[in-house]
Amino acid sequence: MTTKTRVALLTAFTLMGTLGASQVSAGCGVETGSVRILGNDFGAIHSVVNRALECSGSGVTVSSNLTTEHREIQVAALTAKPAQYTTAIVATSSIVPLLNADLVRPLDDLVEKYGDSLSPNQLIRVDGKVIAIAFMANAQHLFYRKDLLEQHGIQPPQTYEDVLAASKKLAEAGVMKYPFVTNSKVGWNLGEEFINMYLGFGGEFFKPGSAEPAINNAAGIATLNMLKDLLSLSNPDFLTIDSNASMLSWETGQAAFGVMWGSRAAAILDNEGSSEEVVSNTVLASAPTVGGNSIPATSLWWDGFVIAKNASDEDAQASFAAMVHAINPAILEKHNDEAVWLIEGYKPSASATGVSASLANKARPYPMLPYMGLLHTALGDELADFLQGKETAEQALADVEATYLTAAKEQGFLN
């Protein structure tokens with residue numbers, strides 16, 4: 001993929017399209033093949049994969065590996081010949097390394113043969129070719145405890161400055177020692193938190209028309225300072241907190257404010273793993289703004305699936321058919337409330353409120369550039385020292401840019 005390539009995002013993240021009816025026969029329309037699925041580990045993905053498992057039988061086998069380590073696994077697994085997994089469930093950024101390594105099979109022929117139930121806004125294209133099928137939208141947004149706010153005379157926060165002030169008030173009042181939680185684990189999660197906040201400050205990641213980084217600036221410094229202030233009100237182990245840990249913290253009543261993925265909302269609002277006090281008082285809101293700007297400090301994402309280029313034609317067909325069956329509109333009968341689905345008939349639920357509000361407030365999409373993943377990795381690896389007080393913001397950002405430049409030159413994005 002060249003530096004001029006742009007991935008066709010879901011237009012305005014449209015949540016509906018005109019779909020044709022389709023009937024899936026035993027075996028989901030194929031008679032033979034091995035379907036091996038790699039994906040992330042959370043509720044909505046499990047629901048999709050469980051439906052794909054229905055295609056097993058009549059010469060078709062279906063297996064899966066759903067793990068939070070899927071990003072670290074995917075490139076090596078799909079590089080193997082044949083690919084270890086025939087299909088990978090990916091998101092807006094995790095597809096980029098697969099595209100850069102030419103590990104994704106174009107899907108136009110499979111869409112024509114098996115894609116009657118897909119809408120145009122589910123077809124993710126690169127250079128005019130369909131390379132992924134999207135099935136849900138996602139974003140990080142604000143969760144807050146309305147009971148604690150009401151008890152202490154705090155208005156629902158609209159900005160990160162509000163979140164910071166309210167967290168300090170609850171901490172000083174002895175309500176909670178660590179009122180704030182987010183996904184700040186070193187690596188991908190920490191990099192994503194910087195990206196979200198930096199977008200809120202109006203930052204641009206690269207010099208116009210170039211792969212040259214452009215984050216060591218006032219917006220970058222402001223981003224780091226806000227993250228450091230917020231994380232000072234989080235558990236001291238914040239550099240180990242991923243999505244599963246932040247969700248556990250919320251469900252066990254250990255936080256009053258959380259910035260978490262919308263895809264976690266359904267599990268947080270159900271009756272499992274938490275208390276009535278927490279569930280009934282959890283409010284989902286748009287991601288806050290920051291620094292006097294008007295757009296939410298978050299990034300919009302899609303989740304979908306790709307087919308491995310190094311899978312056999314037989315396995316590719318079986319995998320595509322099984323995944324299309326998995327995201328057929330029938331999934332909504334039992335799982336409508338688990339995600340913001342990009343599927344005909346989806347009815348936004350209470351768990352979709354935060355993502356929908358962030359959409360309505362014009363949050364920006366995650367930057368779909370072939371070299372964005374390298375910057376994301378550098379951010380995740382180089383910011384911990386600043387957050388632990390070991391270096392200045394300027395030095396941390398200089399470290400990020402230096403690490404990125406080395407990687408970008410190695411991969412041919414820069415001379």
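The buried residues of helix H6 (buried meaning under 20% relative accessible area, with a 1.4 Å probe and protein chains only) pack against strand E7 (140–145), helix H5 (146–151), strand E8 (180–182), helix H7 (188–200), helix H8 (218–231) and strand E9 (257–261). Here contact means heavy atoms within 4.5 Å, while helices (H or I, at least four residues) and strands (E, at least two) are DSSP runs numbered from the N terminus. The model is predicted: local features need pLDDT of at least 70 and side-chain atom pairs count only at pLDDT 80 or more, whereas totals for chains, interfaces and linings use all residues. Residues are numbered from 1 along each chain as its sequence is written, and side-chain values use heavy atoms, leaving out hydrogens and water.

Tyr160, Val163, Leu164, Ala166, Ser167 and Leu170 are the buried residues of H6. After H6 comes glycine 174, with a positive phi near 80°.

Turning to strand E11 (residues 299–307), glycine 304 lies within it. Glycine 304 counts as buried because its relative accessibility is 0%. Leaving aside residues up to four places away in sequence, glycine 304 touches Ala88, Ile89, Val90, Ile133, Ala134 and Phe135.

The structure also holds one disulfide (a pair of cysteine sulfur atoms within 2.5 Å). Cysteine 28 and cysteine 55 form it, with their sulfur atoms 1.8 Å apart. This pair links distant parts of the chain, 27 residues apart: cysteine 28 sits in the loop between strand E1 (7–8) and strand E2 (33–39), and cysteine 55 in the loop between helix H1 (43–52) and strand E3 (60–66). Cysteine 28 is buried at 8% relative accessibility, and cysteine 55 is buried at 1%.

Technical notes: Buried < 20%, exposed > 50% of the residue type's maximum accessible area, 1.4 Å probe, protein only.
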